[in-house]
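Student: Can we go through the helix packing and the core here? Start wherever you like.

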Amino acid sequence: MKLQGSYIIKWIKIPVLALAVMCCILSQPQKVSANETIRVLFIGNSKTYKKNIPGKFASIAKAQGKDVSVTSVTIGGKSLFYIAGKKAKKITAEAYDYVVIQEHTDTSSHYSAFRKGAKAIARLVEKENPDVQIVVRKTWLYCDSLASERKQAYYYAEKIADELGAIVSEDGLAFDICSSLYPSIELFSDRKHQSAAGAYLSACCIYAAIFEESPVGCSYTGGLTAARAKKLQKIAVAVTF
C-alpha cells in the first residue's frame, strides 16, 4: 500500500509500462500542421477546471510550437448528459477540431449513463462540424478506489470511445503508474480532485493523444520543477504510445 496525501491507495501493477517510463523516451510524428490554428473544446466538471487542465494543455501545446485556441464548458459536479442539456447553446456556438470530454466520477463507472452523455455531446458538436474529433478522457476515479473499480471504468471509457470513433486520453492509467513509480508526487488535492501535478500530467496525456507527439522536453512545466515535469511527461508518453 502507498500513501497519497492522507489516503491509502491500492495501486495496480503495470510493470511493462513502468519499465518503459524508466528506460526510454518515445516520440511520434506530428499529426497536425503547426501552421493551423487548432480549436479545442473541453467539456466536463471540476476534474477539468480545477488547476486549469485546459490552460495547461494550451501552454504545453504553445511551448511545443502549436497554434491552439482553447475553450471550456464545465459545470461542477455534473455529468456529460446534464451539461449537454444545460449548455447546448454554448457547446454549439462554434465549430471545433477537437472536443475533449470528461465524465463525472460516479457516472464513469456506469456504462449506460456514460454512453448516453457522450453520445449527447457527440450529436451536439457534430452539428457544427461532422469531422470533429472527440477525445474521451479515461479519467482517474477516487484516490482510494480499488484497482478493479478503475479497470472497469477504464474499460467503459475505451468501449465508448470505440463507438464514437474517438481518441482516448489515458489520464487515469497515467495516475496509476505515477503513483506506483513516484509516490512522493501528490497527484490529488483531495479524495478525487487533481493537484497541480495531477493537472499537468493529465494535460500532457491530452497533448500526446491529440498531437500524437511526445511532450518530453517541453519548456512549460506548469510551475513544477523541470525534473518533476519531465517525469510526468515521460509517463504521458508511455501510456499513450
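Predicted model: local features only at pLDDT ≥ 70, side-chain atom pairs only at ≥ 80, totals over all residues.

Student: At what angle do α8 and α9 pack?

Tutor: About 130°, with the axes of α8 (residues 171-181) and α9 (residues 196-211) 9 Å apart. Axes are lines fitted to C-alpha atoms over the stretch in contact, with angles from 0 to 180 degrees between N-to-C directions. Helices are DSSP runs (H or I, at least four residues) and strands likewise (E, at least two), numbered from the N terminus.

Student: Which residues make the contact?

Tutor: Asp171, Ala174, Phe175 and Cys178 of α8, and Gly198, Leu201, Ser202, Cys205 and Ile206 of α9; contact means heavy atoms within 4.5 Å.

Student: Switching to the largest nonpolar core, which residues touch the most other members?

Tutor: Phe57, Leu201 and Ile210, out of 43 residues. Such a core is a set of buried (under 20% relative accessible area, 1.4 Å probe, protein chains only) Ala, Val, Leu, Ile, Met, Phe, Trp, Tyr and Cys residues joined through side-chain atoms within 4.5 Å.

Student: Which element gives the most to this core?

Tutor: α9, with twelve residues.

Student: And what is Phe57 in contact with?

Tutor: Beyond neighbours within four places in sequence, its contacts include Val40, Phe42, Ile206 and Ile210.

Methods
Residues numbered from 1 in each chain as written. Heavy atoms only, no water. Buried < 20%, exposed > 50% of the residue type's maximum accessible area, 1.4 Å probe, protein only.
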